[in-house]
Amino acid sequence: MKLPSLRYRTVWVVLVALLVLLGVALALAWLPPFFLKPLVTVGLSGLKTALVIWYFMRARQAEGITPFYIAVGFIWLALLALIGGADYLTR
Amino acid sequence: MSVPKSVSEAFRDEQQELSTAALGMWIFLASEVLFFGSALLAFALMRIYYPVGFAEASTHLGVWWGTANTVILLVSSALVALSEHASEDGRGGLFGRSLLGALGLASVFLGIKGYEYWQKFQHHHVPGEGFAQGDFAEPAAAEMFFMIYFALTGLHAVHVIGGIGWMVALLFVARRAQVRHVSVQTFALYWHFVDIVWIFLFPLLYLIA
């Protein structure tokens, strides 16, 4: 386990990283449209989510079967996207 | 305010209790992912089917209000993470101050959201009979956009209200007695999830134009 002071500092470092990513997403919104723009925007949200889950929600310290249930959330989303995408592509 | 390290009778030690509570919360959050995920999928598909109408409707949202709310939720999440560490270390003062700060920010978030809703009512951008169809080139798509906007942000706001109630309860207990760390940990997981939902809602709703 990290030293207490390091854990508190990590919170602020992660917050700064989240705000920087938010700034990048905002800057991107003002750029002219390009092919991968929506994917990059959602990807930035994915990065922010990863930081929150890993550091704030302390997924890195999860033990037992908890990591499996953390993964289940993402599996749900993947299934939803797969079924939704299949509907769109085959319609 | 003090934060003791006590264990319920059902558990061998504090670590087992914390792990069990975390597991239960993660299972709940996985069901919440389905809840919000299906609504976000509906939005994504409609966005693909009606790109022009959705992009046009999105320009009627206040992007700076949305940005302010995103910053507010990110900072509140950091404060909740701090309060969790503080409760783990038995630092009652820091725990109370951090949670109070998060509570204040959550209230400001709701205030801004309420102001945005009020603006939408003023401009008749609420789906229904009085919808200002003349403001849009594709009014049907714009109405669909605002329908999903109100559904998603409304559901999210309900979760924020739930989080506020939870924070008030934790602070109330902390003033009168002792808050157990397992309660703080469980709440923190919930609040970070509420933050994550907004992390996706903000770019999808406010920045797509």
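Good morning. Six salt bridges are found in this structure over all chains, and the model I present is a predicted one.

I begin with B:Glu88. A:Arg7 forms a salt bridge with B:Glu88, and their closest N and O atoms lie 2.9 Å apart. Because A:Arg7 belongs to helix α1 of chain A and B:Glu88 to helix α3 of chain B, this pair joins two chains. A:Arg7 is buried, at 4% relative accessible area, and B:Glu88 is likewise buried, at 14%.

A:Arg58 also forms a salt bridge with B:Glu88, with the closest N and O atoms 2.8 Å apart. A:Arg58 sits in the loop between α2 and α3 of chain A, so this pair too joins two chains. With a relative accessibility of 9%, A:Arg58 is buried.

Within chain B, the side chains of B:Glu17 and B:Arg180 meet in a salt bridge of 2.8 Å, N to O. B:Glu17 lies in helix α1 and B:Arg180 in the loop between α5 and α6, so the pair ties together parts 163 residues apart in sequence. B:Glu17 is buried at 5%, whereas B:Arg180 is partly exposed at 24%.

Finally, I turn to a helix contact. The axes of α2 of chain A and α6 of chain B come within 9 Å and cross at roughly 170°; the two helices are therefore roughly antiparallel. Among the residues that meet are A:Val52, A:Ile53 and A:Phe56 from α2(A), and B:Ile196, B:Ile199 and B:Phe200 from α6(B). The residues of this contact comprise nine nonpolar, five polar and two charged. Thank you.

Definitions and conventions. Residues numbered from 1 in each chain as written. Chains lettered and ligands numbered in written order. Predicted model: local features only at pLDDT ≥ 70, side-chain atom pairs only at ≥ 80, totals over all residues. Heavy atoms only, no water. Axes fitted to C-alpha atoms, helices over the stretch in contact; angles between N-to-C directions. Helix = DSSP H or I, 4+ residues; strand = E, 2+ residues; numbered from the N terminus. Parallel < 35°, antiparallel > 145°, perpendicular 65-115°, else oblique. Contact = heavy atoms within 4.5 Å. Nonpolar A, V, L, I, M, F, W, Y, C, P; charged D, E, K, R; others polar. Salt bridge = Lys/Arg side-chain N within 4 Å of Asp/Glu carboxyl O. Buried < 20%, exposed > 50% of the residue type's maximum accessible area, 1.4 Å probe, protein only.
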